[in-house]
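Dear colleague,

Please read them with the model open beside you.

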Amino acid sequence: MSSLRNISIFSIFFLPFFLLLASQTKANFNSNLIEKACTIYKPNWDFKFCIKLLNSDPKISSTQTPFDLAIAIIKAGNSHASKTQDYINKKHSHEGGTSPVVSSALSECSKWYGGVVGAFVTALDDVQEKKFQSASDHVESSNDFATNCEEAFASRNVQEDEISKGDNLVMYFSLSVGVIINVLGETINYTTF
């Protein structure tokens, strides 16, 4: 009877502590993954902004594995890229005739954003199929395509803040997920030996 009572006292006082500790361990694991994803050595890279961006999406911040984190970041990146693509296409259909310079930049960006969205979709398939090198190439392409869109405006001396914001978000999502995809690829390489 005494040992049964000791077990009850143990479970009342210590079980909540162990559950709290376990949940903190998962939160720290995810926080470390997000910090790793945001550790990019690139000019104009804002580590704090990257962490804030990734943590602001509950689907990203609640992931528990590198695989799930890669999937969540790709989906978020694709969602933002699709919104930017819609914005570009609507703006092009409404302002296409007003300025040939702006129309030309919008037309070029529309094509580039078809590539951005397509690259994210393909990267998602690649990760799900554990084709990590291909996935890495595709997220890098999504960033390159968004950069080309940004350059389409810059080369014409045209400033378009909403599109620049979209290009910037693509950079953060694509480069951060590239780090996580590389972690996945390294994990696969280590486990195959």
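A disulfide is taken here as a pair of cysteine sulfur atoms within 2.5 Å. Please keep in mind throughout that this is a predicted model.

With that cut-off, a search of the whole structure finds two disulfides, and when the bonded cysteines of the chain are numbered in sequence order, the pairing reads 1-2, 3-4.

One of these disulfides joins Cys38 to Cys50, with an S to S distance of 2.1 Å, and it links distant parts of the chain, since Cys38 sits in the loop between α2 (15-37) and α3 (47-55) while Cys50 belongs to helix α3, twelve residues apart. The link of Cys38 and Cys50 is left-handed, with -75° about the S-S bond. Cys38 counts as buried, at 0% relative accessibility, and Cys50 is likewise buried, with a relative accessible area of 0%.

The other disulfide joins Cys109 to Cys149, with an S to S distance of 2.0 Å; here Cys109 lies in helix α6 (residues 100-128) and Cys149 in helix α7 (residues 132-154), so that distant parts of the chain, 40 residues apart, are linked. The torsion about the S-S bond of Cys109 and Cys149 is about 105°, and therefore this disulfide is right-handed. Both Cys109 and Cys149 are buried.

Turning to the charged pairs, the structure holds three salt bridges. In one of them, Lys91 pairs with Glu160, the closest N and O atoms being 3.4 Å apart; because Lys91 lies in helix α5 (residues 66-95) and Glu160 in the loop between α7 and α8 (161-191), the pair ties together parts that are 69 residues apart in sequence. Lys91 is buried, with a relative accessible area of 16%, and Glu160 also counts as buried, at 11% relative accessibility.

A salt bridge is also formed by the side chains of Glu108 and Arg156, at 3.0 Å from N to O, and this pair links distant parts of the chain, with Glu108 in helix α6 and Arg156 in the loop between α7 and α8, 48 residues apart. Glu108 is partly exposed, with a relative accessible area of 28%, as is Arg156, with 24%.

Finally, Glu129 forms a salt bridge with Lys131, in which the closest N and O atoms are 3.0 Å apart. Glu129 counts as partly exposed at 47% relative accessibility, and Lys131 counts as partly exposed at 45%.

Note on methods
Residues are numbered from 1 along each chain as its sequence is written. This is a predicted model: local features need pLDDT of at least 70, side-chain atom pairs count only at pLDDT 80 or more; totals for chains, interfaces and linings use all residues. Side-chain values use heavy atoms; hydrogens and water are left out. Helices (H or I, at least four residues) and strands (E, at least two) are DSSP runs, numbered from the N terminus. Buried means under 20% relative accessible area, exposed over 50%, partly exposed in between (1.4 Å probe, protein chains only). A salt bridge is a side-chain nitrogen of Lys or Arg within 4 Å of a carboxyl oxygen of Asp or Glu.
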